Amino acid sequence: MTEIDAKIDALVPAWLTVPDIAEMLGVEVTRVRQLIREGQLIAVRRGENRALHVPAAFIDEDKVVKGLVGTLTLLRDDGFTAEEMLEWLFTPDPSLPGTPAQALSENRGTEVKRRAQALAV
């Protein structure tokens with residue numbers, strides 16, 4: 001969990017709080033915090049009260065977006081910090097088109113993972 005900077009905050013179109021995610025997923029808040037600790041979600045502290053927030057694009061109705069966990073693992077293995085992962089996921093990529101986060105939400109995870117793997121080379 002990290003403090004958010006203005007550049008990344010501007011890239012991410014919408015955020016959800018941990019309680020919001022717990023409600024959407026139908027789980028306890030402690031389970032969402034566990035997903036964050038395990039690296040299955042990225043959370044940052046933002047706002048006046050520095051509450052934990054997760055990009056809304058990471059949640060698809062009642063589940064974590066398909067392909068997100070694997071992509072985060074690849075980026076982490078490439079040495080990316082949480083901030084760098086967020087920046088990469090929400091920066092437009094003309095070869096996709098759109099952002100990697102959008103591609104994941106559109107079930108184009110293979111394309112996103114391929115690009116994440118290429119970053120390691």
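Which residues of the largest nonpolar core touch the most other members? In this predicted model, local features require pLDDT of at least 70 and side-chain atom pairs pLDDT 80 or more, whereas totals for chains, interfaces and linings use all residues. Residues are numbered from 1 along each chain as its sequence is written, and side-chain values use heavy atoms, with hydrogens and water left out.

The core comprises 34 residues, of which Leu-41, Phe-58, Leu-86 and Leu-89 touch the most other members. A nonpolar core is here a set of buried Ala, Val, Leu, Ile, Met, Phe, Trp, Tyr and Cys residues joined through side-chain atoms within 4.5 Å, buried denoting under 20% relative accessible area (1.4 Å probe, protein chains only). Among the elements that each supply at least two core residues are α2, α3, β4 (51-55) and α7 (109-119); the largest share, five residues, comes from α5. Helices (H or I, at least four residues) and strands (E, at least two) are DSSP runs numbered from the N terminus. Beyond four places in sequence, Leu-41 touches residues including Val-32, Leu-35, Ile-36, Phe-58 and Leu-72, contact meaning heavy atoms within 4.5 Å.

Helices α2 (residues 18-25) and α3 (residues 29-37) pack at about 105°, with axes 8 Å apart; axes are lines fitted to C-alpha atoms over the stretch in contact, and angles run from 0 to 180 degrees between N-to-C directions. The two helices are therefore roughly perpendicular (65 to 115 degrees). Val-18, Pro-19, Ile-21, Ala-22 and Leu-25 of α2 meet Val-29, Val-32, Arg-33, Leu-35 and Ile-36 of α3.

Technical notes. Angles under 35 degrees count as roughly parallel, over 145 as roughly antiparallel, 65 to 115 as roughly perpendicular and the rest as oblique. Buried means under 20% relative accessible area, exposed over 50%, partly exposed in between (1.4 Å probe, protein chains only).
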